[in-house]
Amino acid sequence: MVAPVLKPNDPCWCGSGSKFKRCHRASTERVRPGRLSPTRPVPAHIPRPSYAETGIPKDWDEPLVKSPEVIERMRRAGRAAAEVLRDAAALVKPGITTDELDAFVHDECIRRGGYPSPLNYRGFPKSLCTSVNEVICHGIPDNRRLEDGDIVNLDVTIFLDGVHGDTNLTVPVGTVDPGSLRLIEVTRECTALGIAAVRPGQPVNAIGRAIQTHAEANGFEVVRAFIGHGIGEQFHTNLQIPHYYERRARTVMEPGMTFTVEPMISAGSWDHDIWDDDWTAVTVDNSRVAQFEHTLVVTDDGAEILTLPGD
Ligand code: MF3
Ligand code: CO
Ligand code: CO
């Protein structure tokens, strides 16, 4: 047996005898939109992706299989993204605003000579995605302070050496209920199992099959609307990597292909709404979501994860 994710009226997990919503969930009702800080500038010497000024990415038919030279650049971008993400996650604690995390990630990308890929991508206003509790993905950093008992996903992408490295993780803020901790752990396992299913000669739908099997065995659902993607000189290419079993996703994996695996796993419904900001995706039933993402390259016998810290 495993601990259930508590409903608002269940007795709190801490043993206080109060309802969960009045106790450890008390401060974590629904996430609401906050106020945005002014747009952060990027110094002129930083090489920019195609959309940096216009908001519209130039799209072209980028090969699925990358040259060794491109893969080497993606190793550098991936390592940088992973290190920025690790250092941003270390700052997470009750009271910090998501905007402060955005400022850190923005400055760190630039310090490393890179451009924070989310900034002005299809008009996204910030340099980091911060997705709290029931936010599935694409949360916009604002003046909301993280609260004890929240969970937050930080999604870092850097454009460095002409290529993107894309990675995210979900962390607890302060003391978090056991159900949410279990959601985070199972989601971490889902990402690992999805990556373990990467093998040349297999269709990409093997990845989603592995993820969905593990999520549903644990009583969770896989978000359908947001999927993994091909990546390289473009942030998102048209290669699609569903995190559920999709029979039609039959692209066969080949050594040198680069894409992300980034399952969003819901403690309740997989179905989503979008806020009026046209970005923030939330679960329709307000249940919490966790996510972990890596950028990887298919090798002769599996996958090499590109988004791991180098030190
Ligand atoms: N990093 C996200 C992904 O994993 C994409 C964010 S797009 C943005 O694909 F515009 F919201 F930044
Ligand atoms: Co991604
Ligand atoms: Co991402």
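## Reading the predicted model

Reader: Let's start with a cysteine: what is the relative accessible area of C14, and how do I read it?

Author: Buried stands for under 20% relative accessible area, exposed for over 50%, and partly exposed for anything in between (1.4 Å probe, protein chains only). C14 comes out at 36%, so it's partly exposed. Before we go on, this is a predicted model, in which local features need pLDDT of at least 70 and side-chain atom pairs count only at pLDDT 80 or more, while totals for chains, interfaces and linings use all residues. As for bookkeeping, residues are numbered from 1 along each chain as its sequence is written, chains are lettered from A and ligands numbered from 1 in the order in which they are written, and side-chain values use heavy atoms, with hydrogens and water left out.

Reader: While we're on cysteines, how many disulfides does a search of the whole structure find?

Author: A disulfide is a pair of cysteine sulfur atoms within 2.5 Å. The search turns up 0 of them. Take C129: the closest cysteine sulfur belongs to C137 and sits 7.7 Å away, too far for a bond. C129 is buried too, because its relative accessible area is 9%.

Reader: On to the metals. Which protein atoms are the donors of the cobalt ion (ligand 3)?

Author: Donors are N, O and S atoms within 2.8 Å of the metal (3.2 Å for Na, K and Ca), and since water is not among the atoms, sites may look incomplete. For ligand 3 they're D155 (OD), D155 (OD), D166 (OD) and E293 (OE), 2.1 to 2.3 Å from the cobalt ion. Along the chain, the spacing reads D-x10-D-x126-E. D166 also bridges to the cobalt ion (ligand 2), 3.3 Å from ligand 3. D155 sits in strand β4 (residues 151–160) and D166 in strand β5 (residues 163–172), so to speak a link between distant parts of the chain, 11 residues apart. Both D155 and D166 are buried.

Reader: And which protein donors does the cobalt ion (ligand 2) have?

Author: D166 (OD), H229 (NE2), E262 (OE) and E293 (OE), at 2.0 to 2.2 Å. Here the spacing is D-x62-H-x32-E-x30-E. D166 lies in strand β5, while E293 lies in the loop between β13 (289–291) and β14 (294–298), so the pair ties together parts 127 residues apart in sequence.

Reader: Why is the arrangement around the cobalt ion (ligand 2) called irregular?

Author: Four donors are tetrahedral if all angles lie between 85 and 135 degrees; four are square planar and six octahedral if opposite donors are over 155 degrees apart and all others between 65 and 115; anything else is irregular. The 6 donor atoms around ligand 2 subtend 52 to 163 degrees, and that makes the arrangement irregular. Ligand 3, with 6 donor atoms and angles of 58 to 171 degrees, has an irregular site as well.

Reader: What does helix α4 look like in length?

Author: The expected span is 1.5 Å times one less than the number of residues. Helix α4 (residues 205–217) has 13 residues and reaches 18 Å from first C-alpha to last, close to the 18 Å expected. Its buried residues include I207, I211 and H214. Their cover, counting contact as heavy atoms within 4.5 Å, includes α3 (178–196) and β9 (258–261). Just after α4, G219 takes a positive phi of about 85 degrees.

Reader: Which contacts does R73 make, leaving aside neighbours within four places in sequence?

Author: D161, G162 and V163. R73 lies in helix α1 (residues 68–89) and is buried, at 17% relative accessible area.

Reader: Last one: what phi does H138 have?

Author: Most residues other than glycine have a negative phi. H138 isn't a glycine, yet its phi is positive, about 65 degrees. You'll find H138 in the loop between β3 (135–137) and β4, partly exposed at 25%. N120 is another non-glycine with a positive phi, about 70 degrees, in the loop between β1 (115–116) and β2 (129–132).

Terms used
Helices (H or I, at least four residues) and strands (E, at least two) are DSSP runs, numbered from the N terminus.
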